[in-house]
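Visitor: I would like to learn how to read a structure like this one. Could we go through it one feature at a time?

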Amino acid sequence: MSLDILKPLREGFLQREEPATELPTRENHVRNNLILHLHPSRVPARALRFSYTWGLGGISVVLVVLLGLTGLLLMFRYDPRVEYAYVSIQQLETEVMFGSFIRAVHHWSANFLVITTFLHLVRVFLTGSYKQGRGVNWIIGLVLFVIVLAGNFTGYLLPWDQLSYWAITVSTSLMAYIPLLGTAVRNFFLGGPQVGQAALSNFYALHVVFMPALMLGFLAYHLWKVRKNGGISQPLLKEDEKPEFKSTNPHLVNIELAAGLVVLVFVGLWAMFNPAPLGSIASPLVSPNPAKAAWYFLGLQELLLHMHPLSAMFLIGLVGVALVGTPLVDRSDRDIGIYFRTAIGRRAAVFGALLALYLVPIAVILDEFWYDLPGWLPNVHTNVTVGVIPFVITLLVFVGVYFLLRSGWLFKNEKTNHSEAMVGIFAFIMNGLILLTIVGIHFRGQNMALVLPF
Ligand code: HEM
């Protein structure tokens with residue numbers, strides 16, 4: 001597709017391409033400065049391949065900007081008092097010009113952002129882009145992911161409908177399981193033991209001030225760090241290979257403008273045909289059945305059906321620590337910038353993902369219809385049967401998958417190295433998490449029993 005339609009948009013950015021025959025206008029000078037603050041003047045030709053990053057970092061930036069703009073507009077009408085919150089959303093939907101559309105854009109941008117940042121994380125991992133001094137930015141990225149989730153979570157309560165009220169009630173009840181501090185932490189966020197006015201005020205303040213400020217600070221640092229690290233990761237050059245560069249303007253600018261426009265059009269059209277949901281007004285006395293957490297926490301909620309909440313939290317914590325420590329335990333730079341590291345790494349990833357595809361549904365079904373450790377071992381404390389044993393089994397599966405990959409037994413005696421095995425275990429865990437989330441969204445009905453969605 002020709003990008004000529006973008007010509008007028010980038011006209012101002014073109015100063016650096018041609019030798020200047022006349023002095024640049026002040027406006028052009030400012031625009032050029034902006035571009036060259038964000039990017040170097042030249043970028044490696046390889047960095048321009050869309051199929052390397054899939055534009056996921058940039059798309060996430062566009063979504064963050066959309067969220068900020070629509071959020072500001074929503075604040076003009078939203079009223080964070082328990083008696084008025086729901087009504088103010090209803091009025092916004094029915095009485096304000098484009099109110100429903102703006103709310104839908106905000107709602108969907110937030111949900112898409114969870115997906116695009118998750119995929120960005122996956123891409124960064126699979127290309128080993130946390131190597132060569134990028135470890136700090138990887139950790140900043142993980143913080144950004146937590147901020148994205150926390151931003152979504154705090155916004156979830158604001159419409160004050162049944163869905164939001166009960167999702168927050170269910171999710172915050174999990175906080176109480178944090179050892180020693182649980183109840184204090186939950187009461188701190190809710191401003192008391194229950195979801196009420198104090199919780200709404202707290203969540204509102206967190207959502208409109210605290211989270212955006214954190215997002216802005218960490219994102220600015222994240223983008224600055226990408227630049228400081230010499231741009232995005234690249235495979236190492238071969239001995240006789242010369243680096244090929246292209247001018248940022250128009251090559252990179254064109255891609256960014258095109259991707260940005262596609263995102264805007266997509267979100268706009270999506271929001272036009274899919275209004276943001278609004279159920280009936282929150283009623284603390286009538287709990288829906290099933291009462292589910294927000295969709296991005298349903299993987300965790302599903303895990304809770306299979307083990308003690310403390311074990312589930314430890315497991316998630318352990319995966320978090322493993323992600324933070326990844327740059328420390330996988331330091332070889334040889335395979336940076338290459339998807340899956342090597343052909344064997346690719347096979348390890350396929351193996352990990354397929355194994356999860358088999359194991360997770362089987363484990364969920366067995367646990368629903370057959371496995372009953374507390375019943376089989378009535379004399380053993382439930383902390384052991386529901387807590388320790390499932391936790392240890394899951395850990396053993398993780399360790400088993402790693403050593404299976406390292407053993408050479410899987411791929412005709414071709415052993416995977418540490419980095420390739422990590423790709424396999426990463427694919428296993430991430431696909432497992434996705435599958436648990438799908439089960440939680442589509443296959444859980446009344447009383448959280450396993451049901452078919454059709
Ligand atoms: C709001 C969330 C985020 C935004 C807006 C964002 C944005 C970006 C952008 C624009 C880039 C450069 C282009 C690209 O690689 O696509 C980038 C690179 C990077 N991001 Fe993020 N990011 C976010 C979250 C994350 C997360 C969750 C991680 C991983 C835990 C992460 C780790 C990195 C790393 C290591 C790089 C350098 C990649 C390389 O050198 O190839 N980011 N990010």
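Guide: Keep in mind that this is a predicted model.

Visitor: Is Gln301 buried or exposed?

Guide: Buried means under 20% relative accessible area. Gln301 has 10% relative accessibility, so Gln301 counts as buried.

Visitor: Which residues is Gln301 in contact with?

Guide: Neighbours within four places in sequence are left aside; beyond them, Gln301 is in contact with Val170, Ala291, Lys292, Ala293 and Met448.

Visitor: How do I read a helix that has a buried side?

Guide: An α-helix has 3.6 residues a turn, so residues three or four places apart point the same way. Now take helix α9 (residues 182-190), where Gly182, Arg186 and Leu190 are buried. These residues are on the same side of α9 because they cover an arc of only 50° around the axis.

Visitor: Which exposed residues does the face turned away from the buried side of α9 carry?

Guide: That face carries Ala184 and Phe188. As for the buried residues of α9, what covers them includes α8 (162-175) and α10. After α9 comes Gly191, with a positive phi near 70°.

Visitor: How do I read a metal site?

Guide: For six octahedral donors, the ideal angles at a metal are 90 or 180 degrees. Here the iron atom of the ligand has six donor atoms, with angles of 86 to 180° among them, and its site is octahedral.

Visitor: Which residues coordinate the iron atom of the ligand?

Guide: His120 and His222 do, each through NE2, at 2.0 to 2.2 Å. This pair links distant parts of the chain: His120 is in helix α6 (residues 99-126) and His222 in helix α10 (residues 197-228), 102 residues apart. Both His120 and His222 are buried.

Visitor: What about a residue in a loop?

Guide: Look at Arg134, in the loop between α6 and α7 (135-156). Its relative accessibility is 9%, so Arg134 counts as buried. Not counting residues up to four places away in sequence, Arg134 touches Ser129, Asn229, Gly231, Ile232, Ser233 and Ile336. A polar atom of the Arg134 side chain lies 3.4 Å from the backbone oxygen of Asn229.

Visitor: How do I compare separation along the chain with separation in space?

Guide: Check both values for a pair. Gly71, in helix α4 (residues 56-75), is 137 residues from Val208 along the chain, and their C-alpha atoms are separated by 7.9 Å. Arg134 and His306 are 172 residues apart in sequence and 37 Å apart in space, C-alpha to C-alpha.

Methods: Residues are numbered from 1 along each chain as its sequence is written. This is a predicted model: local features need pLDDT of at least 70, side-chain atom pairs count only at pLDDT 80 or more; totals for chains, interfaces and linings use all residues. Side-chain values use heavy atoms; hydrogens and water are left out. Donors are N, O and S atoms within 2.8 Å of the metal (3.2 Å for Na, K and Ca); water is not among the atoms, so sites may look incomplete. Four donors count as tetrahedral if all angles lie between 85 and 135 degrees; four count as square planar and six as octahedral if opposite donors are over 155 degrees apart and all others between 65 and 115; anything else is irregular. Helices (H or I, at least four residues) and strands (E, at least two) are DSSP runs, numbered from the N terminus. Buried means under 20% relative accessible area, exposed over 50%, partly exposed in between (1.4 Å probe, protein chains only). Contact means heavy atoms within 4.5 Å. A polar contact is a pair of N or O atoms within 3.5 Å; within protein, one must be able to donate a hydrogen and the other to accept it, and residues adjacent in sequence count only if both atoms are side-chain atoms. The arc is that of the directions from the helix axis to the C-beta atoms.
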